Amino acid sequence: MLEDGKLYIGTSRKPDDTINKGEYLELKFGNRHGLVTGATGTGKTVTLQVLAESFSNAGVPVFCADVKGDLSGIGAIGEAKDWVTKRAEQIGFTDFAFQEFPVIFWDLYGEKGHRVRTTMSEMGPLLLSRLMNATDAQEGVINIAFKIADEGGLPLLDLKDFQAMLNYMGENAAALSSKYGFISKASVGSIQRELLILEQQGAKNFFGEPALKVSDIMRTTRDGRGAISVLAADKLMMNPRLYGTFLLWLMSELFEELPEVGDPDKPKLVFFFDEAHLLFNDAPKVLIERVEQVVRLIRSKGVGVYFVTQNPLDVPETVLAQLGNRVQHALRAYTPREQKAVKTAADTFRPNPDFDCATVITNLGTGEALISTLEGKGSPSMVERTLVRPPSSRAGPLTEAERANVMKISPVAGLYDEDFDRESAYELLAKRAARATQQAEEQRQAEEAPPPAAPGGGGWTLPGFGNDSAPAEPKPKARSGYQRETIAEAAMKSVARTVASSLGRALVRGILGSLKR
Ligand SMILES: Nc1ncnc2c1ncn2[C@@H]1O[C@H](COP(=O)(O)OP(=O)(O)OP(=O)(O)O)[C@@H](O)[C@H]1O
Ligand SMILES: [Mg+2]
């Protein structure tokens, strides 16, 4: 049942319920994206687990969010639970073996996994506006803030950098407005309040350095299996916008960082987007358009994106149209919206003359799904009623001790644990303000004396303050536990940006507004 170049998902049934044939996902179409949908309790998480296992065994790294904590078991060897052995027998899965998988746990709050951070600069104005649910006027101000920072080589790393930038904009609103367009003090104030709320919700943990390097979620083991990165998302789900924005940022980061590979034999990474409705729920049209664009283009970087959600109507049609591999678990059809969902789901499949999709969707058993994957030259296979195979790893959560153990031996242990607060906008603006005050004071005292000469070239410039001093050294905290490499890299990045800006090249932002290399 295990075949080269193909991932075994389950076995389909004929109309008389006898076993039909194995259903597979072809690795070479793994980057053609996918969709897993179904009502609650119908088997979505197990399907995701099964797919993640198979990708990992095929050497493809996986990133997924663990919304309920029950996906963490993928890091432990499976157990002969009743439904597991029963399903294996039912489908005649003779190659079935229990197995544990190489997992890396991540957590924005640093509690159930390694810390995941990014900087405000990396995230960019579009996603930040989404995160803060900004009005048009506020978004305008956020855009200007990034423009000033990008042009001035002022790293916006953490929340206090952004606060400092907003203070600066508020204090210099009149002067800056003439250069950048109208800056309303009211909007600045409301963004500042929104930032405080974000801070109280724990976003402070998420913005800063060392930022997550995408290479760390693209690791493979020595024996050639892909690492499965599991993001602890139970707490994160309490703040759905942060959850959605984070995953979008990660997707855009992958898109901006990875080289073009065309259509590889197998994906470089697959990315599961659980609770995908949170991404699109009342998202502005422009954001949905950009997401659609990134999903379309990321394919040629070898990244497969799989949306997991209850209702296929949760995903905008333009995005839906790009999802080649489909697993549809049971749906209920009581309300008109549910009926519409059933119809939409049924209509997207290549029909099977043996059954009516819409009828079957409402009658599927647990762990059973309508499945169609890409085949041949990339056309959808005829839809089949499929019993999904049981997972080889544990279905259900790891204990705390097991999780701690996995984290201890993780390849990224120690790399992200401590904050690294290098000199950035907050410190630089504070210094400049102090210097400006001092200069004003000196000028007043000297009265007729000429103003002090600006230090020569190569420095950062900031509107309103003239030329400034040379790039600052990173200032690692005294008791730092992170590895040297990370500091050096962060410093390099900082220097590279400074050089770019002093050469007059503004930072370039990609489709979703994150930084381009
Ligand atoms: N492939 C399968 N074979 C047999 N039983 C299954 C299979 N998949 C799921 N089940 C049964 O269904 C239960 C629920 O599955 P799962 O947690 O995957 O549902 P879900 O759709 O993710 O639910 P929720 O929406 O609540 O997260 C499992 O504990 C198991 O008993
Ligand atoms: Mg689930």
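Me: Which of the 15 residues around ligand 1 come nearest?

Reply: A residue counts as near a molecule or strand if one of its heavy atoms lies within 4 Å of it. In this structure, Gly41, Lys44, Thr45, Val46 and Lys68 come nearest among the 15 residues around ligand 1. Please keep in mind that this is a predicted model, in which local features need pLDDT of at least 70 and side-chain atom pairs count only at pLDDT 80 or more, while totals for chains, interfaces and linings use all residues. Residues are numbered from 1 along each chain as its sequence is written, chains are lettered from A and ligands numbered from 1 in the order in which they are written, and side-chain values use heavy atoms, with hydrogens and water left out.

Me: Which residues have an N or O atom in the side chain that lies close to an atom of ligand 1, and at what distance?

Reply: A polar contact is a pair of N or O atoms within 3.5 Å; within protein, one must be able to donate a hydrogen and the other to accept it, and residues adjacent in sequence count only if both atoms are side-chain atoms. Here an N or O atom in the side chain of Thr45 is 2.7 Å from an oxygen atom of ligand 1, and one in the side chain of Arg87 is 3.1 Å from a nitrogen atom of the ligand. The backbone takes part as well, for a polar backbone atom of Thr42 is 3.3 Å from an oxygen atom of ligand 1.

Me: How much of the accessible area of ligand 1 does the protein cover?

Reply: Accessible areas come from the Shrake-Rupley method with a 1.4 Å probe, and for residues only the protein chains shown count as cover. Ligand 1 has 630 Å² of accessible area on its own, and the protein covers 78% of it. Helices (H or I, at least four residues) and strands (E, at least two) are DSSP runs, numbered from the N terminus; in these terms, α1 (44–57) and α2 (82–90) are the elements that give two or more residues to the shell around the ligand. The most comes from α1, with 3 residues.

Me: Let us turn to salt bridges. How many does the structure hold?

Reply: Side chains of opposite charge can pair when their charged atoms come close. A salt bridge is a side-chain nitrogen of Lys or Arg within 4 Å of a carboxyl oxygen of Asp or Glu, and the structure holds 22 of them. One of them joins the side chains of Glu384 and Lys21 (3.8 Å, N to O). Because Glu384 lies in strand β14 (residues 384–388) and Lys21 in strand β2 (residues 19–26), this pair ties together parts that are 363 residues apart in sequence.

Me: Are Glu384 and Lys21 buried, or partly exposed?

Reply: Buried means under 20% relative accessible area, exposed over 50%, and partly exposed in between (1.4 Å probe, protein chains only). Glu384 counts as buried, at 9% relative accessibility, whereas Lys21 counts as partly exposed, at 39%.

Me: Which residues are linked in a network of salt bridges?

Reply: The network links Arg13, Asp17, Glu368 and Arg385. Asp17 is found in the loop between β1 (6–13) and β2, and has a positive phi of about 75° although it is not a glycine.

Me: What does the side chain of Ser372 reach?

Reply: The side chain of Ser372 reaches the backbone oxygen of Ser381 at 2.8 Å. Ser372 lies in strand β11 (residues 368–372) and counts as buried, at 3% relative accessibility.
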